[in-house]
Every structure is written in C-alpha cells, then in structure tokens.
Amino acid sequence: MQLIPLAERMRPIKMEDVVGQPHLLGSAGILTRLTASGRLPSMVLWGPPGTGKTTLARLLANGSGRGFLEFSGITGSAADLKKFLLDNSNAPLFRGQAPVLFLDEIHRYNRSQQDLLLPFVERGEVVIIGATTENPAFYLNPALRSRCQLVPLNALEPAHIMEVLDRACIQVFSDQAKDDEILDYLAHWAGGDLRAGLTGLETYFDLPPAERSLEYLRNVLGGRVLFDRADGHYDLASAFQKSLRGSDPDAALYYLSRMIRGGEDPRFIARRLMVTAAEDVGNADPQAFILAECVSRAVERIGWPEARIPLAQTVIYVANAPKSNATIQAISAAMEAPDAPMPESLRDSHTSTSKARGYGAGYFYSHLDYEKEQYFLPETMRGQKLYNPIRPQERNWRDKQEPDLVALQTLFDEWNGLFPDGGYLPLDEWSEKLAVSREAIARAVQKIAGHELQIERALRVSPQSKK
C-alpha cells in the first residue's frame with residue numbers, strides 16, 4: 001500500500017487552516033478580498049518552497065467554484081500543455097466558469113513557451129495561477145506578467161510551522177508521545193519550509209522508539225542549507241557584492257561560503273567578482289579586474305570543491321582593494337549625453353568624396369606633438385568632464401600632466417600673502433582651476449616654493465565618530 005506523505009495529508013482543505021501569510025490572508029489581505037468578491041484573476045504565486053503556493057491555488061479554485069487543472073514545468077512540456085488546451089477547449093470543464101490552470105514551476109517554461117498561454121487568458125477561457133520560486137521579473141514573459149497579479153509569499157515563521165507540527169501530532173500521531181523539544185527543533189530547522197518540517201516530523205516517528213532522540217534526529221536529517229533560487233540567489237549575490245564594495249573581506253567570504261554551500265554556480269560568483277572589480281574598484285587598482293577575469297577561467301577548469309580557493313583569494317583581494325566608482329560614473333554620464341555633431345576634423349577622410357566635403361580638415365597627427373592641444377568632443381560639449389577620478393590610486397594622464405607653473409606661481413603668491421605664517425594649501429581648489437590632479441600640484445609646488453619656505457607632509461589623525 002502506498003503511503004501518502006505527511007505533508008500531503010496535512011494539506012489544508014479550507015482557507016482558515018492555512019498558516020502564515022497575514023499580508024495575504026488577514027482581514028485586509030488581497031486573497032481574502034478576492035475570495036469574498038468571488039472574482040478570481042490570473043496570478044503568479046511567488047515565494048520560497050513550502051510556503052503553500054499549491055495549497056492556495058487549490059483553495060482559490062475550490063472557493064470560486066472552478067475546476068482545477070494542474071501542470072508542472074518539470075514534468076509537462078509546453079507542447080503537452082498546448083495540445084491539452086487545444087484538444088479540450090470544448091470539453092464540459094471549459095463550458096462553465098473558466099477553470100483554474102495551475103502551472104507549478106512556471107518559470108521552467110521559457111518566454112516563447114509562455115506566449116502560448118496569452119490567447120487563452122485574453123479570451124477568458126482559463127484562469128492562470130502560476131507558482132514559482134524565481135523572481136517573476138527575471139523569468140516571466142512581460143506580456144504574461146502584465147496579465148497576472150503578482151502575489152508574493154513569505155517564508156513561514158517557526159511559530160507557524162510549530163502550529164502545524166502540533167496539529168499533525170494530534171491528528172496523525174495521536175498514539176505517539178509528543179516531544180516539544182523535537183517540535184521546536186524541527187520548526188527552526190525547516191527554515192520557513194513547512195513541507196520540510198512535516199517531512200522531518202514523519203522521519204522522527206518512523207524511527208524505532210528506542211532511537212527517538214534529538215541528537216539522533218540531527219544526525220539523520222543533517223544540516224539544512226537555507227538557499228533557494230527565489231531569495232537566496234539574488235539576495236546573497238547582493239549581500240556579497242555590497243560587502244565587497246564596502247571593503248569587508250570577512251562578510252564577503254561569509255556570503256561566498258553561503259553561495260557555495262547552497263550550490264551556486266561558480267561561474268555566476270566569478271561574474272559577480274568581475275562586475276565588482278570593474279564597477280567598484282576600477283582604475284584605483286586595475287589588477288583587481290585582471291585577477292577576477294583570471295579566476296573566471298580558473299573555475300571553469302577546476303570546478304568544485306577546489307574552485308573555492310581561487311575564488312576566496314580574489315574575494316579577499318577585491319574587498320581590500322581601494323574603491324572608486326569613477327569608471328561607472330563616467331560611462332553613465334557618457335550614455336546620458338545627447339547626440340551632437342562630431343567635429344569635421346575627426347570624420348573619415350580616406351575617400352576622395354569625403355575629402356571633397358572637408359572631412360578630416362584641420363586634424364593634427366597627435367604623434368607629431370603630444371602636447372599640442374586639440375578638441376575631440378563635439379563643440380556643444382567642449383569643456384565637459386565625463387571621467388572624474390576620485391582616488392589618488394587612479395593614475396591617469398590627468399595626474400601625469402604638470403600644471404602651468406606661471407599660473408600656479410600666481411596662485412601660490414596670492415595664498416602666501418594671505419597666510420604668511422603658513423597653513424594647508426587649497427589643493428582641491430587649485431586642482432579645479434588648473435585642471436590637473438592634487439598630486440601634480442603637490443609635486444610642482446616644491447619647485448616654486450623657494451628655499452625660504454618649508455613644505456611639510458602631515459599625517460592627520462581624527463577621532464572616530466560615535467555611532
């Protein structure tokens with residue numbers, strides 16, 4: 001005789017038995033209002049495993065007096081689904097109220113396959129209720145998404161799971177001794193997944209009575225890794241990247257370990273590292289991107305578990321590298337700049353027709369004189385700075401340029417007259433006026449200060465701000 005799993009036996013048969021999700025099932029919850037009105041729109045139930053997506057779909061169909069058809073993105077292909085809908089559109093099930101077509105793991109249908117659902121939804125022939133652990137914004141066709149309400153479900157609290165475990169002990173295991181310590185352990189071990197908690201309880205009662213102990217149950221169940229594609233994939237990646245940006249190697253290593261233990265693809269982790277090295281380190285330390293690109297090739301060759309070592313090496317390097325977002329700020333500014341006519345001198349002039357139109361006229365071959373000034377931006381953008389390095393580690397041509405010594409001498413003499421007893425030089429102000437870096441001005445000041453003035457390097461210490 002086939003034994004029905006405990007999780008299936010404990011599936012609620014009325015909405016009042018569903019635990020958790022107060023934002024959906026409370027007095028003002030969206031599902032409460034929908035069942036009260038009798039109207040049932042197409043929707044996508046989105047949330048972690050074991051939060052009741054299938055149960056809610058069945059209860060919504062039953063509560064609105066509709067038939068219930070279930071397909072799975074795992075076992076049923078899009079072709080099977082299309083054939084079923086076309087072959088059965090005239091069946092009695094479709095002649096009354098539109099039935100509920102429940103699509104479990106709807107994200108497993110690709111976007112073109114999801115398109116086949118659109119005409120049935122638009123004609124009102126079916127009500128689609130999809131269930132997914134993936135973020136619909138990433139995996140659902142925008143056309144289908146716009147025709148469905150997105151209903152987010154949250155991981156269940158231990159108290160919610162404890163309630164159902166206690167209910168199972170009363171309804172199913174009434175002849176067995178209840179152990180509150182075991183129930184509390186399972187409620188927390190389940191990590192918000194009610195199905196996992198019920199499976200753990202069933203495992204406990206399947207043990208011989210002499211072996212029913214918390215220690216033995218821990219060994220049987222093992223550790224539960226709280227990682228899923230719905231929240232863990234993107235939330236852990238976000239925490240990982242923000243820790244790298246914030247120069248916290250310990251936090252970055254911790255989230256790296258969470259992704260590794262959760263079964264994340266090492267190539268995805270390597271891509272996050274490359275993005276962070278370019279976006280948040282940039283030219284403050286170009287070696288960071290080179291190392292990240294190297295590790296992306298290394299993990300392809302090595303694989304788990306050894307790939308964790310070069311990944312950790314790169315994580316530590318990127319986290320400790322000096323940070324600058326000047327690169328992403330520069331390309332963002334360039335992308336937002338309006339289109340403008342380019343200077344005629346820069347246009348292609350290799351044909352007689354283009355030369356006759358004046359293309360290339362006035363262009364000077366830069367290798368003949370590297371210091372000769374030319375204008376390359378469109379006339380309307382001349383003087384506009386898109387790239388503004390913010391860290392001294394970003395060694396660029398602006399840093400290597402020397403300031404106009406005559407102009408700097410004038411600024412220095414004016415400042416020296418105002419502050420004859422010395423003080424801090426206004427490097428930022430002079431850097432802006434002379435269009436060179438602070439470092440370049442600091443180098444040049446030593447040339448013009450004269451022997452009568454002494455230049456000091458100060459190491460300034462400030463107390464930490466109290467939080």
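Colleague: Where is Ser247 in this predicted model, and in which loop does Ser247 have its place?

Modeller: The model is predicted. Its helix H14 covers 232–245, and helix H15 covers residues 249–261. Ser247 has its place in the loop between H14 and H15.

Colleague: What is phi of Ser247 near?

Modeller: Most residues other than glycine have a negative phi. Ser247 is a residue other than glycine, yet its phi is positive. The value is near 60°.

Colleague: Is Ser247 buried, partly exposed or exposed?

Modeller: The relative accessible area of Ser247 is 36%. Buried means under 20% and exposed means over 50%. With 36%, Ser247 is therefore partly exposed.

Colleague: Is Glu105 buried or exposed?

Modeller: The relative accessible area of Glu105 is 17%. The cut-off for buried is under 20%, so Glu105 counts as buried.

Colleague: In what order do the five strands of the open sheet stand?

Modeller: The edge strands are S2 (68–72) and S5, and each of these pairs on one side only. The pairing in the sheet is parallel, and neighbouring strands are turned by 20° against each other on average, direction ignored. The order is S2-S3-S4-S1-S5.

Colleague: Which residue in S4 stands opposite Val44?

Modeller: Strand S1 (residues 43–46) runs parallel to strand S4 (residues 127–132). Four bridges join S1 to S4. Opposite Val44 stands Gly130.

Colleague: Which residue in S5 stands opposite Leu45?

Modeller: S1 also pairs with strand S5 (residues 149–152) in the parallel sense. This pairing runs over four bridges. Opposite Leu45 stands Val151.

Colleague: How do H15 and helix H18 lie to each other, roughly parallel or roughly antiparallel?

Modeller: The axes of H15 (residues 249–261) and H18 (residues 308–320) come within 9 Å and cross at roughly 150°. An angle over 145 degrees counts as roughly antiparallel. H15 is therefore roughly antiparallel to H18.

Colleague: How many nonpolar residues does the contact of H15 with H18 have?

Modeller: H15 contributes Pro249, Ala252, Leu253, Leu256 and Ile260 to the contact. From H18 come Arg308, Leu311, Ala312, Val315, Ile316, Ala319 and Asn320. By class, one residue of the contact is polar and one is charged, while the nonpolar residues number 10.

Colleague: What is the relative accessible area of Ser257?

Modeller: Ser257 is found in helix H15. The C-alpha atoms of Ser257 and Phe240, 17 residues apart along the chain, are separated by 10.0 Å. Ser257 is partly exposed, and its relative accessible area is 27%.

Colleague: Are H12 and H13 roughly parallel or oblique to each other?

Modeller: Helix H12 (residues 194–206) and helix H13 (residues 214–221) pack at an angle of about 120°, with their axes 11 Å apart. Roughly perpendicular ends at 115 degrees and roughly antiparallel needs over 145. H12 and H13 are therefore oblique.

Colleague: How many polar residues are in the contact of H12 with H13?

Modeller: Gly200, Thr203 and Tyr204 of H12 make the contact with Leu217, Val220 and Leu221 of H13. Four of the residues are nonpolar and none is charged. The polar residues number two.

Colleague: At what angle do the axes of H10 and H12 cross?

Modeller: In H10, Ile161, Val164, Leu165, Ala168 and Cys169 meet Leu194, Gly197, Leu198, Leu201 and Phe205 in H12. The residues of this contact divide into nine nonpolar, one polar and no charged. H10 (residues 158–171) passes H12 in a right-handed crossing. The axes come within 10 Å, and the angle is roughly 35°.

Colleague: What percentage of the residues of the protein count as buried?

Modeller: The protein has 24 helices and five strands. Of its contacts with a separation of 6 or more, 72% are between residues 24 or more positions apart. Among the 467 residues, the share that counts as buried is 39%.

Conventions. Residues numbered from 1 in each chain as written. Predicted model: local features only at pLDDT ≥ 70, side-chain atom pairs only at ≥ 80, totals over all residues. Heavy atoms only, no water. Pairing = 2+ DSSP bridges. Helix = DSSP H or I, 4+ residues; strand = E, 2+ residues; numbered from the N terminus. Axes fitted to C-alpha atoms, helices over the stretch in contact; angles between N-to-C directions. Parallel < 35°, antiparallel > 145°, perpendicular 65-115°, else oblique. Contact = heavy atoms within 4.5 Å. Nonpolar A, V, L, I, M, F, W, Y, C, P; charged D, E, K, R; others polar. Buried < 20%, exposed > 50% of the residue type's maximum accessible area, 1.4 Å probe, protein only. Left-handed = near helix turned anticlockwise from the far one by under 90°.
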